[in-house]
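Dear colleague,

Please find below the structure that I am handing over to you. My findings follow directly after it.

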Amino acid sequence: LSPTRFFEERPPSDTLPIAAGLVVLFAVGLTAALLLVGSMLAGAVDATVTMDNPERPPDFVCEQQSDDPDSSFEERCDEPETIERDAGRLIREAVNDYLWIGIAGPFVLWVLGTVVLFAGGRLAAGDPSLAGTAALAGWAALPEFLRVVAGLAGLWYVLRDLTITAPERAVTVLETALASVDPVLLVVSLLTLGWQWSILSAGLSEDAGISRGAAAVVTGIPLVIFFVVGAL
């Protein structure tokens, strides 16, 4: 609530273990959130999809083996060419393929944030410490919990009475439904950005021994760039 007072009483480098724990906790939370997103999307879809049967060999293989009764492919070639699969299950499986983002993403951003803050402190003629900037980059994960919770709440709100029966239109239907909560999510994102800016500028000012104004500039620029890139 008061980053300036917090870091005046506790040098950023001393809070590195806590900040590291926040990054780990955020990685766990983000991964769990992705699993929950997959479950919510799957629950909103009530349809099946016709797709090629992965258990059946290609036609040219079956044609080549048709005259050989002892062929190991004979039984598999008797399988149907296509099968019906639940679209919701397919969506859940597709989302699960991106779980690595929740696991690795926070740590990658932690490293990048440390480099950016350390370089920014140097460019501002300060003397930042590696441990201090790493701690600050870790503390930046704290406001992200607010964004994740808001995103999950927004998705639950638009899906609570929504049933998608045409998988080919699922993206369009979902985008239309999410439009109603986009303004709220934008406000939450801006609040998150402001909270991160407050933490980082106060902490870098203390760690690098630079003015609060200089710290605000060198932390604000990368935060705004990150926000714009994410919005696109």
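A polar contact here is a pair of N or O atoms within 3.5 Å; within protein, one of them must be able to donate a hydrogen and the other to accept it. Please bear in mind that this is a predicted model.

By that definition, the side chain of Ser 201 makes a polar contact with the side chain of Arg 212, at 3.2 Å. The Ser 201 side chain also reaches the backbone oxygen of Trp 197, at 2.7 Å. Ser 201 is placed in helix H10. Because buried means under 20% relative accessible area, Ser 201, with a value of 2%, counts as buried. With neighbours within four places in sequence left aside, Ser 201 is in contact with Arg 212, Ala 215, Ala 216 and Thr 219.

Next, the nonpolar cores. The largest has 22 residues, and those with the most contacts inside it are Phe 7, Leu 136, Trp 139, Leu 200 and Leu 204. Two or more residues each come from helix H2 (16-44), helix H6 (99-123), helix H7 (130-139), helix H10 (182-208) and helix H11 (212-231). Helix H10 gives the most to this core, namely six residues.

Phe 7 touches Pro 12, Thr 15, Leu 136, Trp 139, Ile 199, Ala 202, Gly 203 and Glu 206, if residues up to four places away in sequence are not counted.

With kind regards

Key. Residues numbered from 1 in each chain as written. Predicted model: local features only at pLDDT ≥ 70, side-chain atom pairs only at ≥ 80, totals over all residues. Heavy atoms only, no water. Core = buried A, V, L, I, M, F, W, Y, C linked by side-chain atoms within 4.5 Å. Buried < 20%, exposed > 50% of the residue type's maximum accessible area, 1.4 Å probe, protein only. Helix = DSSP H or I, 4+ residues; strand = E, 2+ residues; numbered from the N terminus. Contact = heavy atoms within 4.5 Å.
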